[in-house]
Every structure is written in structure tokens, then in C-alpha cells.
Amino acid sequence: MNLKIGKPQITDGKEIWKLIKRTGNLDLNSEYCYFMLADLYRDQCAIVTSPDHTGILGFASCLPRQGEGDTLFVWQICTDPQIQKQGMAKKMLHFILENQKEKIKYLQATISDDNQGSRALFASIAKSYQAEMHKTLYIDAQDFYDSHQSEYLYNIGILNY
């Protein structure tokens, strides 16, 4: 399948929501949230599309960390099962990092201990940028109302381009 990574447009919000819902791996937010991300944070997001497929096959979103202009917080990364195991999540993060106006020095993400795929992804990103990766407790499981696991903050940096 011929795949292309690019920045989303506001009109992609519905397809992003459908991708997140279809895969069922992430917390599903409102459609409105994805329209806003595709518009207001398009420079910190990436989508994967293909001329061979209708809809969006991959989505990555990052948010600038307030008060830390050299840091991006990775919020959600999702790939359709059709394109998994092809390194597209890592490629989307590289795309986002390479397209920032200012060089990003640190990448952050929260990951629960049972998410081995995300830990492997961020370890691979750290290795790609010859950066260290540190883990600290971010939100303890007892602080969630539902049965959510503890979330750990992974801080990767300084990124070497």
C-alpha cells in the first residue's frame, strides 16, 4: 500500500475520530476534539493516508508543553491494523519533529505499564535521536475514578538531530 504522511486539515476531524473508534486502543474523545486538533494543532499532528484507501490510516497528535517551548507532549498515536508493524507511528513522530519551526529538545508521553508497544516506540525514538529516556509517576491509579492504570511520564531528551 502506498502511504503518505502529512499534516491534517480541519475536515479530517471526523475521519480521525472514526480511526480512533475503529481501532479501540485509545481513549475516544469527542469528534469536536479531533476537529480542533486537526485545525489548531495541525503543525503538531500527522496523518497517514493512501490513494489505495478511503479515510485516514494513522494519526499522531502532540501538544506544545506550556512554559516549555522546547518540549512536545505526545497525546495520541494510532494506526489502522492494515498498516501496523510498518513503523508508521515512529515515522509520524519523526515527521512532526522535523516540521517544527523551532527545534524540539524534549518529547514527553504518558504510558501505562501494560502498554509495551508504546514503551518500545518511545525507546526507539530515544535511540534515533541519541537521547536519554526517564520515567516518573505522572498519575497514580488511585487518582482515577475508573479502573485506569497508573500513567507514567516518559521524558525523552535532549534530542540530537
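User: Which residue of β4 stands opposite C62?

Analyst: C62 stands opposite V74 in β4. Helices (H or I, at least four residues) and strands (E, at least two) are DSSP runs, numbered from the N terminus. Two strands pair if DSSP finds at least two bridges between them. Here 7 bridges join β3 to strand β4, residues 71-79, and the two run antiparallel. This is a predicted model, in which local features need pLDDT of at least 70 and side-chain atom pairs count only at pLDDT 80 or more, while totals for chains, interfaces and linings use all residues. Residues are numbered from 1 along each chain as its sequence is written, and side-chain values use heavy atoms, with hydrogens and water left out.

User: How many residues lie between β3 and β4 in their hairpin?

Analyst: There are 6 residues between β3 and β4 in this hairpin. In the turn, G67 has a positive phi of about 80°.

User: Which strand pairs with β3 over 5 bridges, and in which sense?

Analyst: That strand is β2 (residues 45-50), and its pairing with β3 (residues 53-64) is antiparallel. A46 stands opposite A60 in β3. β2 and β3 also form a hairpin, with 2 residues between them. As a general idea, in a regular strand the side chains alternate between the two faces of the sheet.

User: How many disulfides does the structure hold?

Analyst: A disulfide is a pair of cysteine sulfur atoms within 2.5 Å. The structure holds 0 disulfides. For C33, the nearest cysteine sulfur is that of C45, 9.5 Å away, and C33 is in no disulfide. C78 is likewise in no disulfide; its nearest cysteine sulfur, that of C45, is 13 Å away.

User: Is C78 buried or exposed?

Analyst: Buried means under 20% relative accessible area, exposed over 50%, and partly exposed in between (1.4 Å probe, protein chains only). C78 counts as buried, at 3% relative accessibility. C33 is partly exposed, with a relative accessible area of 21%.

User: What is the count of salt bridges?

Analyst: The general idea is that side chains of opposite charge can pair when their charged atoms come close. A salt bridge is a side-chain nitrogen of Lys or Arg within 4 Å of a carboxyl oxygen of Asp or Glu. By this rule the count comes to 4 salt bridges. One of them joins E15 and K18, whose closest N and O atoms are 3.1 Å apart. E15 and K18 are separated by about one helical turn, because they are 3 residues apart in helix α1 (residues 13-23). E15 is partly exposed at 24% relative accessible area, and K18 is partly exposed at 36%.

User: Where do R22 and D80 lie?

Analyst: The side chains of R22 and D80 meet in a salt bridge, 2.8 Å from N to O. R22 lies in helix α1 and D80 in the loop between β4 and α3 (88-98), so the pair ties together parts that are 58 residues apart in sequence. R22 is partly exposed, with a relative accessible area of 43%, whereas D80 counts as buried at 4% relative accessibility.

User: Which distant parts of the chain does the pair of K135 and D113 link?

Analyst: The side chains of K135 and D113 meet in a salt bridge at 3.0 Å, N to O. K135 is in strand β6 (residues 132-139), and D113 is in the loop between β5 (106-112) and α4 (116-128), 22 residues apart. K135 is partly exposed, with a relative accessible area of 42%, and D113 counts as partly exposed at 35% relative accessibility.
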